[in-house]
Amino acid sequence: MPSKGTVVRISERVTRCRGFHPALRALAAGALFSCGALGQPAGFNYDESKVPSYDLPEILRRADGRIVDAAAEWPARRTEILKLFEEQVYGISPGAPAHMRFTVLEEDDAALGGLARRKQVRVDFGPAGRSSMEILLYTPASAGRHVPVFLGLNFGGNHTVHSDPAIRMPTRWVLERDGTETRRRDADDTRGRSASRWQVERLLKRGYGVATVYCGDLDPDFDDGFENGVHPLAPPISPADWGSISAWAWGLSRALDYLETDAHADGSRVVVMGHSRLGKTALWAGARDMRFAMVISNNSGCGGAALSRRRFGETVARINTRFPHWFADNFSQYNGEEDSLPVDQHMLLALVAPRPLYVASAEDDSWADPKGEFLAAMHAGRAYELLGEQGLGVSEQPPVNQPVMRTVGYHIRTGKHDVTAYDWDRFLDFGDLHLKRD
Ligand code: GCU
């Protein structure tokens, strides 16, 4: 286990992966650093003609074989699907801690040149100082009432989402660009580093709030035996039964607990959004917690919106090998055995129904399998239609930069794995379509 203050390198983390033959670990490490022709990790399938034929599990077929054909029967089927994802993929997670406390650490009604109200809130999960996270919330200063809020975890600390010098620095492990994890409190040079991925002013000007939490407050993103995050808070649940994605998703629900109490945020209109590994997390949070009013996945790929059975780009074996801490241990049973999975990711998306769901892909992000992300969104439509809502309404992946928006929405934009202004404009359009009240 790394001790506090040490630096952990990715290559070491790869070689520490549990339960794999050394040759497979070496392959995973190599794949990380060598790039294929498409600029994606080499040694994986990027050829549509090599996608194996597969049968997806039927969203509406209950465990006893009966097909659900009435909306009233959906909650029971939903419970079955959710349980399968808990047991086989992401793991279970506890409820809200009994003694959770919210402390406003800082507040400014005229932040960002008067555009925003800024609030920074510490959420203590237990005795002060033991385990907590900090929420950064901006709402439009001009809004006199509760506004809908986009909530998402960030990768590098709240201070990375905007160059605003008043944003508090993280106090926990931070993932550096060179792939090391360090404890940094002095990273002024990283302020605003991910601002293009958040577009704070853009959201505020369109009447939305934005809230974010550093994922490392909940669990640092490396295989530390779950000693540094929130896992020890839930003693009856073994850490191995809820991986980092479950812990991060749990934190999103705790942030929503806070937003429900905030004077400027509308807790009934919170959109959970995330990119990449944090997109997988947003989907799992939105699937578990029905209080989220809308769910957005950006380039979430394997273990997110992409169908596992396609084995296009990242595979189940690769993700479990490279990131052994993300999922429940059970998920690694399906390494190379995707067809034995009792679920596939279209069923995760179906758990969001009937709430609005948006899946975003990027053309150059083959690793995340844009087509697999589209197909999962399309197949999830079965649950939406059962509940009287519209699925995607198209059976072919739309051309680049031509979004489709019904109760399920989708776009593939030009460009690479990232969150861009284009993505945000579409998420805001989708928000306007479903959440605006006037
Ligand atoms: C890696 C990983 C993906 C993940 C991505 C990210 O590429 O293989 O599954 O989505 O990191 O989070 O940026």
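Modeller: In this predicted model, the side chain of R318 places an N or O atom 3.3 Å from an oxygen atom of the ligand. A pair of N or O atoms within 3.5 Å counts as a polar contact, so R318 qualifies.

Colleague: How much of the ligand's area does the protein bury?

Modeller: The ligand taken alone exposes 320 Å², and the protein buries 83% of that. By class, the shell holds five nonpolar, two polar and four charged residues; F155, W367 and H417 are among them.

Colleague: How many aromatic pairs does the whole structure contain?

Modeller: The search finds 18. For W242 and W250, the ring centres are 6.2 Å apart and the planes meet at 75°, so this pair is edge-to-face. Relative accessibility is 1% for W242, which therefore counts as buried, and 2% for W250, which is likewise buried.

Colleague: Which parts of the sequence does the pair of F374 and Y410 tie together?

Modeller: F374 belongs to helix α10 (residues 370-386) and Y410 to strand β12 (residues 408-413), so their pairing joins parts 36 residues apart in sequence. Their ring centres are 5.3 Å apart with planes at 70°, hence edge-to-face, and both residues are buried.

Colleague: Where does R197 lie relative to F155?

Modeller: R197 lies over the face of F155, 5.9 Å from the ring centre.

Definitions and conventions. Residues are numbered from 1 along each chain as its sequence is written. This is a predicted model: local features need pLDDT of at least 70, side-chain atom pairs count only at pLDDT 80 or more; totals for chains, interfaces and linings use all residues. Side-chain values use heavy atoms; hydrogens and water are left out. A residue is near a molecule or strand if one of its heavy atoms lies within 4 Å of it. A polar contact is a pair of N or O atoms within 3.5 Å; within protein, one must be able to donate a hydrogen and the other to accept it, and residues adjacent in sequence count only if both atoms are side-chain atoms. Accessible areas come from the Shrake-Rupley method with a 1.4 Å probe; for residues, only the protein chains shown count as cover. Ala, Val, Leu, Ile, Met, Phe, Trp, Tyr, Cys and Pro count as nonpolar, Asp, Glu, Lys and Arg as charged, and the others, Gly among them, as polar. Rings of Phe, Tyr and Trp (its six-membered ring) pair if their centres lie within 6.5 Å; planes under 30 degrees apart count as stacked, over 60 as edge-to-face and the rest as tilted. Buried means under 20% relative accessible area, exposed over 50%, partly exposed in between (1.4 Å probe, protein chains only). Helices (H or I, at least four residues) and strands (E, at least two) are DSSP runs, numbered from the N terminus. A charge sits over a ring if NZ of Lys or CZ of Arg is within 6 Å of the ring centre and within 35 degrees of the ring normal.
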